[in-house]
Amino acid sequence: MKKFLIMAVIAATTFSCGTPKTVQESRKVIKGYWSLNNISYDASGTFNVTLFNDTSVECFEGSTWRFIPNNNTGNYNIENSNCPTGERNFIFTIQEIDPATGLYDFLLKPTNAKGKSDTNAGYRLRLAQLNESSMRWEQTVSLDGKPFKINMNFSKIQE
């Protein structure tokens, strides 16, 4: 009986479908505090962009973000005095799209302090770059019927 139990545990461990190793590594790297340094677009011009149905790009620049990967939660603080300041909460998920190319999606869902969403709305972004000191998100939206890419560039503040 003991042999059977040991074999069952080994089989379950070997054949289980867990989180891909690269996603686990990404969670370790993203853990901590980040600053959203700047936001740019793939087109030139002046645009009135509101991110995450919250506030303008100008308000997001300079905001601080905290990621807590063990429970997939976090928050960001808008600190610009010309904007609606304060802490906002969210839950997030990192999803591997293509292991061969290393493409990831980053899913972000705004919540209240208790982790509940009023609207159940979420946002899918491409996690285009992530290392120990910097991170870049790309969000593609439609502008006049054409793809329009928003780039959000972060730098790590501390773990």
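Predicted model: local features only at pLDDT ≥ 70, side-chain atom pairs only at ≥ 80, totals over all residues.
Student: Why is Cys59 called buried?

Tutor: Its relative accessible area is 6%, and buried means under 20%, exposed over 50% and partly exposed in between, with a 1.4 Å probe and protein chains only. So at 6% Cys59 counts as buried. Residues are numbered from 1 along each chain as its sequence is written, and side-chain values use heavy atoms, leaving out hydrogens and water.

Student: What makes Cys59 and Cys83 a disulfide?

Tutor: The S to S distance is 1.9 Å, and a disulfide is a pair of cysteine sulfur atoms within 2.5 Å. So the pair passes the cut-off. A search of the whole structure turns up one disulfide.

Student: Which parts does the pair tie together?

Tutor: Cys59 sits in helix α3 (residues 57–60) and Cys83 in the loop between β5 (73–78) and β6, so parts that are 24 residues apart in sequence get linked. Helices (H or I, at least four residues) and strands (E, at least two) are DSSP runs, numbered from the N terminus. Cys83 is buried as well, at 13% relative accessibility.

Student: What makes Arg88 buried or exposed?

Tutor: Arg88 has a relative accessible area of 16%, so it goes down as buried. This arginine belongs to strand β6.

Student: Which backbone oxygens does the side chain of Arg88 reach?

Tutor: A polar atom of that side chain lies 2.7 Å from the backbone oxygen of Pro84, and the backbone oxygen of Gly86 is reached at 3.0 Å.

Student: How do you know that β9 and β10 pair?

Tutor: DSSP has to find at least two bridges between two strands, and 10 bridges join β9 (residues 134–143) to β10, running antiparallel. So the pairing holds. Ser134, for one, stands opposite Ser155 in β10.

Student: Where is Phe52, and what is its phi?

Tutor: Phe52 lies in the loop between β2 (50–51) and β3 (55–56), with a positive phi near 55°. Phe52 is buried, at a relative accessible area of 6%.

Student: How many nonpolar, polar and charged residues are in the lining of the largest pocket?

Tutor: Five nonpolar, six polar and four charged. Here Ala, Val, Leu, Ile, Met, Phe, Trp, Tyr, Cys and Pro count as nonpolar, Asp, Glu, Lys and Arg as charged, and the others, Gly among them, as polar. Strands β6 (86–98) and β7 (103–111) each supply at least two residues of that lining.

How values were computed: Polar contact = N/O pair within 3.5 Å; in protein donor to acceptor, adjacent residues only side chain to side chain.
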